[in-house]
Amino acid sequence: MKTASQYVTELLNFIDNSPSPWHVTDSVKKQLSANNFQQLKEKNSWGLQKNRGYYIIRDDSSIIAFMTGNKPLSETGYKIIGAHTDSPGLRVKPKAAHYEGGLLRLGVEVYGGPILATFSDRDLSLAGRISYKNDKGLIKTQLVDFKKPVLRLPNLAIHLNRKVNEEGLKFHKQNELPLILSCANKQLPEQYFYKLLGQLSGLESKQILSWELNVYDTQKGSFWGVEQEFYTNSQLDNLASCHAGLTALLDKKIQYPDATLVCAFFDHEEIGSESCKGADGSLLTDVLTRIAFSLGNNHENYLRALAQSFMISVDMAHAYQPNFPTAYEPNHKVMINQGLVIKTNANHRYSSESISEAMFINWCQQENVPYQYYSHRTDIPCGSTIGPMTSAKLGIRSIDVGNPMWAMHSIRESAGVDDHLHLIKVLQRFFDNS
Ligand code: ZN
C-alpha cells in the first residue's frame, strides 16, 4: 500500500488537473478508462456482465462508476460511496465583459456559499465548458481552461478601508465582485471575450453559442507544517472524498467483489442538489435500477437488493481551530490527523443513525483507523450533505462521514495527510468482501 504522503500527492495532482466540476468528471473518467472501466450511454441499452467495471456520465459533471458483483444482486445489494464534484465559488455571467474605469471586467455570480474574501488578491483563472456548432451544424461541447492567471479581485488598500481588521473583509456581491481581466481598451467587450474563448478552444468565435465558466485559483496544492503533516489546495471539499472513493474502487485487491460497488459523484451539491444530475434528482435511482434490470433482476429483486444496501456519504468535516474556540461544540472537537469523522445530527441533517454508526466503527476497528464524532453547536444551524436525500429516495441505510479540515469553502482549504490514508483504508474495507 502507498504511504499517506503518496496518496496526498496524487490527490493534489488530481485537484490541480480538475479546475471545474466538468474537469473533475473528465479526470475521473480518464482514471476509470485506464483501469478498463467501460463507458455506458444512458440512451443505449445496457448489456451488463458480472465482475465488470462501468461508468456513466450525466451532463458532463456527474459521474457514477460501478463494478458489478460476483453474487446475485438480490443476495448482496449495492455498496455505495457518495461525494460531490462541485465546490463553491464564482461563475461567469452570460454577458459578463464590460468596461468600468478604463478596465475590462467580468461580471460574476456567486455559486453556493464561498468565503468571498478569500478570492481577493489571488492569481485567478477560468475553466469550464463551452457549447458550439460544428461544421455539420451539430451542437458540441468542449472543455476549456486558460491555465494561466488571467483575472484578479484586488483588495482595497487599508488606507481606504481603515476598519477592515475590526469589521472584517466584505465584498458587495453585485458591485464589488467583478473581476479585472484587462486594461486594454477594446471597443466591443463582449465580442472580445468571445474572441478570447475562440483562441482558447481553437474554434471560430462565431461558432461559440454558450458557456459555463468557473473561476479558480492557479496556485498548486502543497504540503505544509514543520513535518509536512498538513496539505492545502482549493476544492478539498469535496475532491478529497472523490479521490478517496475512486482510489478504493480502483484498488487492485478488490478484484471480484460479491456485492456491486458504486461510486456516485454528483454536481450541484453546493446549491442544493436539485437538478437533472444532482443527488436530489433521478440519476442514482436510474442507474441502480438499470443495473438491476440489465443483470436480469425483476423489480422485487431490485427492492431486495436495496434492502441490503449501504451508502457512505463522504464529505469533509469542520476541524477544531484553537483560535476560534467558541465556534465549536466543546465536547465534539474534531482534530486534524486524529481520524475519520462520523457526523451526527438529531434532526437528520446527516444520515447517520446508531446502526450505521456501529457498522462504520466496526470497519474502522478492523483497519485500526481512529474515528471521532462531530456534532454541531446546538445554537448554530447545521449544514447538510447528499446523505439524507439519497438515503430517503432509495430507502437504504446510510452514514455521513468525512475527513477533518480547516477553512471549508475558502479558496485555500487545509487538511491532514494521515487522515487521507485513514479514509482510503476504511473505504477499501467497506468495498472488500470480508
Ligand atoms: Zn462538501
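User: To begin, which residue with a positive phi follows α2?
Analyst: Asn-36 follows α2, and its phi is near 65°. Helices here are DSSP runs of H or I with at least four residues, strands are runs of E with at least two, and both are numbered from the N terminus. Please note that this is a predicted model, in which local features need pLDDT of at least 70, side-chain atom pairs count only at pLDDT 80 or more, and totals for chains, interfaces and linings use all residues. Residues are numbered from 1 along each chain as its sequence is written, and side-chain values use heavy atoms, with hydrogens and water left out.

User: How far does α2 reach from its first C-alpha to its last?
Analyst: Helix α2 covers residues 21-34, which is 14 residues, and reaches 20 Å. That is close to the 20 Å expected at 1.5 Å a residue; the expected span is 1.5 Å times one less than the number of residues.

User: Which residues in α2 are buried?
Analyst: They are Pro-21, Trp-22, His-23, Val-24, Thr-25, Ser-27, Val-28 and Leu-32. Buried means under 20% relative accessible area, exposed means over 50%, and partly exposed lies in between, using a 1.4 Å probe and protein chains only.

User: What does Leu-32 contact, leaving aside its neighbours within four places in sequence?
Analyst: Leu-32 is in contact with Phe-37, Tyr-55, Ile-63, Ala-65, Leu-246, Leu-249 and Leu-250. Contact means heavy atoms within 4.5 Å.

User: Which residues touch the most other members in the largest nonpolar core?
Analyst: Leu-32, Tyr-231, Leu-249, Ile-312 and Phe-360 do, in a core of 54 residues. Helix α6 gives the most to this core, with nine residues. A second, separate core has 32 residues, including Leu-126 and Trp-211. A nonpolar core is a set of buried Ala, Val, Leu, Ile, Met, Phe, Trp, Tyr and Cys residues joined through side-chain atoms within 4.5 Å.

User: Changing topic, which residues are the protein donors of the zinc ion?
Analyst: The donors are His-84 through NE2, Asp-237 through OD, and Asp-315 through two OD entries, at 2.0 to 2.6 Å from the zinc ion. Donors are N, O and S atoms within 2.8 Å of the metal (3.2 Å for Na, K and Ca); water is not among the atoms, so sites may look incomplete.

User: Why is the arrangement irregular?
Analyst: The arrangement is irregular because the four donor atoms subtend angles of 53 to 140° around the zinc ion. Four donors count as tetrahedral if all angles lie between 85 and 135 degrees; four count as square planar and six as octahedral if opposite donors are over 155 degrees apart and all others between 65 and 115; anything else is irregular.

User: How are the donor residues spaced in sequence?
Analyst: The spacing is H-x152-D-x77-D. Asp-237 lies in helix α6 (residues 236-250), while Asp-315 lies in the loop between β14 (310-314) and β15 (317-318), 78 residues apart.

User: Is Asp-237 buried or exposed?
Analyst: Asp-237 is buried, because its relative accessible area is 2%. Asp-315 is buried too, at 7%.

User: And Arg-162, buried or exposed?
Analyst: Arg-162 counts as exposed, because its relative accessibility is 60%. Arg-162 sits in the loop between β8 (139-145) and α4 (164-167).

User: Finally, how many helices and strands are in the protein?
Analyst: The protein has eleven helices and 20 strands. Buried residues make up 55% of its 434 residues, and the C-alpha trace spans about 70 × 60 × 40 Å along its principal axes.
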